[in-house]
Amino acid sequence: MKKYYSRVLMAMMAMMCVTAFTACGGDDGDDVPEVAPGTVAFVEPCLDFGTSREHVKEYMTGSSWQLMEESNEYVLMYTDSRSTTTVTYSFIGSNRGLSMVAVNYITYNSQAIVSEVGRRHNVTLTKDAGATNKAETVYAGQTTIGGRTVAIAVHCTSASVSVFYKIPD
C-alpha cells in the first residue's frame, strides 16, 4: 500500500511541476491581486473522473472562474478573479477523460484546507512521517468519489497549499 501511495504521490508532484512551469513562463507583467493570507475559501472542483473537457467547462461556468489561455488539449487551467486560487484539470491517459485535479491556494492556513478535504471526502489524511524537508508537509489518503477510487495528496508550505485528486491509471 505504501508503494502505491508513493507512486501516486510522485505522479502528482510531477504534474504539479509541469503545471507550475507551464503557467509561469515568461515575464508578461501580470498583476497578481493581493489577498490577505489565510483567507481563502475551500474550492470543490469537478471530480467527475473520466468525464470530458466539455463537462468540466460546463461545471466551471457561471462563477468567477476564468479559463486561462495556457490551457490545451491535455490541461484546463482556471483562476478565480477574486483570489489567487487556481484549479488545474488534467486529461492524460488512455481514454483522455479527466484523470487528475489540482487546486492551488495561496494561504498559510494549511490545516483548514486539510481538515476540509478530510471532512468533505470522508477520508483520513495521514501526514508523511518520513519527510526530510521541514518547510513542507505532505498528507495523503485514499477514498471513493463517484464510485471510483481516488488518491488525495495535500502539499503544504508556509505560503501555499496544493490539493491533488488522482484516479489510479
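Good morning. Please keep in mind that the model is predicted. The protein has 169 residues, and 43% of them count as buried. Its secondary structure consists of 3 helices and 8 strands. Read from the N terminus, the order of the elements is α-α-β-β-β-β-α-β-β-β-β. Of the contacts between residues at least 6 apart in sequence, 47% join residues at least 24 apart. The accessible surface is about 9600 Å², and carbon and sulfur atoms account for 52% of it.

Let us turn to helix α3. This helix covers residues 110-121, 12 residues in total, and spans 17 Å from its first C-alpha to its last, close to the 16 Å expected. Which residues of α3 are buried? They are S110, I113, V114, E116, V117, G118 and H121. In an α-helix there are 3.6 residues a turn, so residues three or four places apart point the same way. After the helix comes N122, which has a positive phi, near 50°.

I close with the core. The largest nonpolar core holds 33 residues, and those touching the most other members are Y89, V101, Y105, I152, V154, V163 and Y165. Helices α2 and α3 each supply at least two residues of this core, as do strands including β2, β3 and β4. Strand β7 gives the most, with 4 residues. As for Y105, its contacts beyond four places in sequence include I113, V161 and V163, as well as F42 and V43. I113 is itself one of the buried residues of α3. Thank you.

Key: Residues numbered from 1 in each chain as written. Predicted model: local features only at pLDDT ≥ 70, side-chain atom pairs only at ≥ 80, totals over all residues. Heavy atoms only, no water. Expected span 1.5 Å × (residues − 1). Buried < 20%, exposed > 50% of the residue type's maximum accessible area, 1.4 Å probe, protein only. Contact = heavy atoms within 4.5 Å. Areas by Shrake-Rupley, 256 points an atom, 1.4 Å probe, with all protein chains shown as cover. Core = buried A, V, L, I, M, F, W, Y, C linked by side-chain atoms within 4.5 Å.
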